[in-house]
There are 2 protein chains.
Amino acid sequence: MDEFMQAALEEARKGLAEGGIPIGSLVVHRGAVLGRGHNRRVQKGSVILHAEMDALENAGRMPAAIYRESVLYTTLSPCPMCAGAILLYGIPRVVIGENRNFRGEEELLRSRGVQVELLQDEECIALMRQFIDNRPDLWNEDIGV
Amino acid sequence: MDEFMQAALEEARKGLAEGGIPIGSLVVHRGAVLGRGHNRRVQKGSVILHAEMDALENAGRMPAAIYRESVLYTTLSPCPMCAGAILLYGIPRVVIGENRNFRGEEELLRSRGVQVELLQDEECIALMRQFIDNRPDLWNEDIGV
């Protein structure tokens with residue numbers, strides 16, 4: 001597996017170990033990690049700290065020129081909020097671990113010129129599948145269902 | 001002015017007094033304020049705490065049924081990230097103070113069935129106009145330009 005998706009998956013597993021929702025993300029600029037994060041709904045009582053948002057927040061305040069050369073990695077297809085953050089900051093490329101368990105706003109991203117790559121990685125799929133089976137309540141809350 | 005937009009404008013002014021970007025927001029459920037907030041980019045060094053996100057975060061973890069009966073008030077037209085959060089949580093109605101200074105994702109929201117109301121309020125317009133004139137650098141950073 002790609003080293004950055006591997007690191008995003010490690011973030012997801014860290015979230016699970018904390019009792020949280022196992023989704024991880026990285027923001028990478030020209031091969032260097034700017035920020036990494038994982039879903040913190042449970043850990044911080046947050047409704048906005050999805051993995052991608054946490055990674056962006058941890059990267060800190062960046063000029064537009066940096067975002068425009070960055071890649072966002074996420075273990076799960078991004079929801080409307082996270083896709084919107086990608087569009088806001090003009091991140092040109094998104095690498096997605098899987099979309100079997102949740103199909104986010106890939107088409108919206110593509111329609112706005114974002115390059116979307118889907119790995120359909122078996123480890124990402126299995127981790128999320130098991131979590132959804134165990135905690136459908138938490139998962140539904142996280143996607144507003 | 002509508003009492004909730006008035007309260008959102010007060011949030012915006014509070015942000016300005018803190019040295020921040022003057023945008024305010026409220027989440028209202030059946031006439032009761034669930035959460036209020038303002039942009040905290042400067043105050044918290046945050047790239048995700050736009051006013052709408054701050055209001056949603058301050059409202060806390062809510063079941064989908066609550067969001068589905070809520071209204072989001074914001075002094076400025078919502079950017080892609082904030083519009084995405086509105087779509088994620090299925091908030092059915094958004095009241096916008098103005099879109100003269102920034103035209104966000106109103107069409108995307110409408111295309112997904114969200115009721116969007118635009119007040120084009122002179123106080124909201126003047127507050128934001130003055131801020132953008134004074135701090136174009138901060139404003140551009142906030143919208144990824």
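This is a short tour of a predicted model with chains A and B, stop by stop.

**Before you start.** Residues count from 1 along each chain as its sequence is written, and chains are lettered from A, ligands numbered from 1, in the order in which they are written. Because the model is predicted, local features need pLDDT of at least 70 and side-chain atom pairs count only at pLDDT 80 or more, while totals for chains, interfaces and linings use all residues; side-chain values use heavy atoms, with hydrogens and water left out.

**Stop 1: both chains.** Superpose chain B on chain A. A turn of 180 degrees and a shift of 0.0 Å along the axis gives an RMSD of 0.0 Å (least squares on C-alpha atoms of residues with pLDDT of at least 70 in both). That is the relation of a two-fold axis.

**Stop 2: the interface.** Select the residues of each chain in contact with the other (heavy atoms within 4.5 Å).

Now the area. About 2700 Å² is buried between the chains, 60% of it from carbon and sulfur atoms (accessible area, 1.4 Å probe, lost on putting the two parts together, summed over both). Pick Val47(B), Arg61(B) and Leu88(B): they supply 25% of the area that chain B buries against chain A, more than any other three residues.

**Stop 3: charges across the interface.** Four salt bridges link chain B and chain A (side-chain nitrogen of Lys or Arg within 4 Å of a carboxyl oxygen of Asp or Glu). Zoom in on Arg112(A) and Glu105(B), which form a salt bridge at 2.8 Å, N to O.

**Stop 4: inside chain A.** Select Glu123(A) and Arg13(A). Their salt bridge has its closest N and O atoms 3.1 Å apart. Glu123(A) is in helix α7 (residues 122-134) and Arg13(A) in helix α1 (residues 3-17), so the pair ties together parts that are 110 residues apart in sequence.

**Stop 5: a helix pair.** Show α3 (residues 51-59) and α5 (residues 80-88) of chain A. They pack at about 35 degrees, axes 8 Å apart (lines fitted to C-alpha atoms over the stretch in contact; angles run from 0 to 180 degrees between N-to-C directions). Glu52(A), Met53(A) and Leu56(A) of α3(A) meet Met81(A), Cys82(A) and Ala85(A) of α5(A).

Key
Helix = DSSP H or I, 4+ residues; strand = E, 2+ residues; numbered from the N terminus.
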